[in-house]
Amino acid sequence: MAHLEKGLIEIYTGSAKGKSTASFGLALRASGHGYQVRIVQFMKAGNYGENRAFEKLAPDVQIASYGRKCFLDPDNPHEEDIALAHEALKKAEQWMLSEDTDIMILDEINNALFFKLLTIEEVLAFVDQKPKHVELVMTGRNAPEELQARADYVTEMREIKHPYTTSGQGSRKGIEF
């Protein structure tokens, strides 16, 4: 199996829609070229459209979701939320260090850091283990400066207009989830 010659580190952050979607577009493109993609979702229960879509691309694209089916209390995260974030990081490490992973996506890991489900030291230690050929992609709002400093790409999604705030439009199946 051919790997990337050099995998880089990418971050998609910011307050606007599109961070996970951008990383999933990369997953689709990479799988089309025969690369093996692994996605670990933090703080998500796995009942999103992307989970069903990526199941159709297995085993080339594999996705694992770690989250409860309720919202997280940002001021007082539940111990289960913390345990699930650590379980997700462990799964990501297992996949990233396996010989068959080319693209490793950590969806919403920046939020897991922001909500103190993980420490920056834990995540930086994970990043330090990245094999040369693995492209590492991290998404979520509030990407810490320490991670941004390690990244080769940092893209900030900035909201200019969104129907949530302009017209009260709620989330739509197949568009926002």
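**Around glutamine 41**

Author: Happy to. Leaving aside its neighbours within four places in sequence, glutamine 41 is in contact with Phe24, Gly46, Glu50, Asn51, Ile63, Ala64, Ser65, Tyr66 and Asp107, where contact means heavy atoms within 4.5 Å. This is a predicted model, in which local features need pLDDT of at least 70 and side-chain atom pairs count only at pLDDT 80 or more, while totals for chains, interfaces and linings use all residues. Residues are numbered from 1 along each chain as its sequence is written, and side-chain values use heavy atoms, with hydrogens and water left out.

Reader: Thanks! Is glutamine 41 buried or exposed?

Author: Glutamine 41 is buried, at a relative accessible area of 0%. Buried means under 20% relative accessible area, exposed means over 50%, and partly exposed is in between (1.4 Å probe, protein chains only).

Reader: And which side chain does glutamine 41 make a polar contact with?

Author: With that of asparagine 51, at 3.1 Å. A polar contact is a pair of N or O atoms within 3.5 Å; within protein, one must be able to donate a hydrogen and the other to accept it, and residues adjacent in sequence count only if both atoms are side-chain atoms.

Reader: Where does glutamine 41 sit?

Author: In strand 2. Helices (H or I, at least four residues) and strands (E, at least two) are DSSP runs, numbered from the N terminus.

Reader: OK, what's the strand order in the sheet?

Author: The sheet is open, has 6 strands in the order 3-2-4-5-1-6, and its pairing is parallel. Two strands pair if DSSP finds at least two bridges between them. Strand 3 (61-66) and strand 6 (153-157) are the edges, each with a single partner strand, so one side of each has no neighbour in the sheet.

Reader: How many bridges join strand 2 to strand 3?

Author: 6 bridges join strand 2 (residues 37-42) to strand 3, and the two run parallel. Valine 37 has valine 61 as its bridge partner in strand 3, and arginine 38 has glutamine 62. From strand 2 the chain crosses through helix 2 to strand 3, a right-handed β-α-β crossover. Right-handed here means that, with the strands pointing away from the viewer, the path from the first strand over the helix to the second runs clockwise.

Reader: Switching topic: how many salt bridges are there in the whole structure?

Author: A search of the whole structure finds 6. The criterion is a side-chain nitrogen of Lys or Arg within 4 Å of a carboxyl oxygen of Asp or Glu. In one of them, aspartate 107 pairs with lysine 44, the closest N and O atoms being 2.8 Å apart. Aspartate 107 is in strand 4 and lysine 44 in the loop between strand 2 and helix 2 (49-55), so this pair ties together parts 63 residues apart in sequence.

Reader: Are those two buried or exposed?

Author: Aspartate 107 and lysine 44 are both buried. A network of salt bridges links Lys44, Glu50, Asp107 and Glu108.

Reader: Nice. What does arginine 150 form a salt bridge with?

Author: Its partner is aspartate 128, the closest N and O atoms being 2.6 Å apart. Arginine 150 is in helix 6 (residues 145-150) and aspartate 128 in helix 5 (residues 120-128), 22 residues apart. Arginine 150 counts as partly exposed at 36% relative accessibility, whereas aspartate 128 counts as exposed at 56%.
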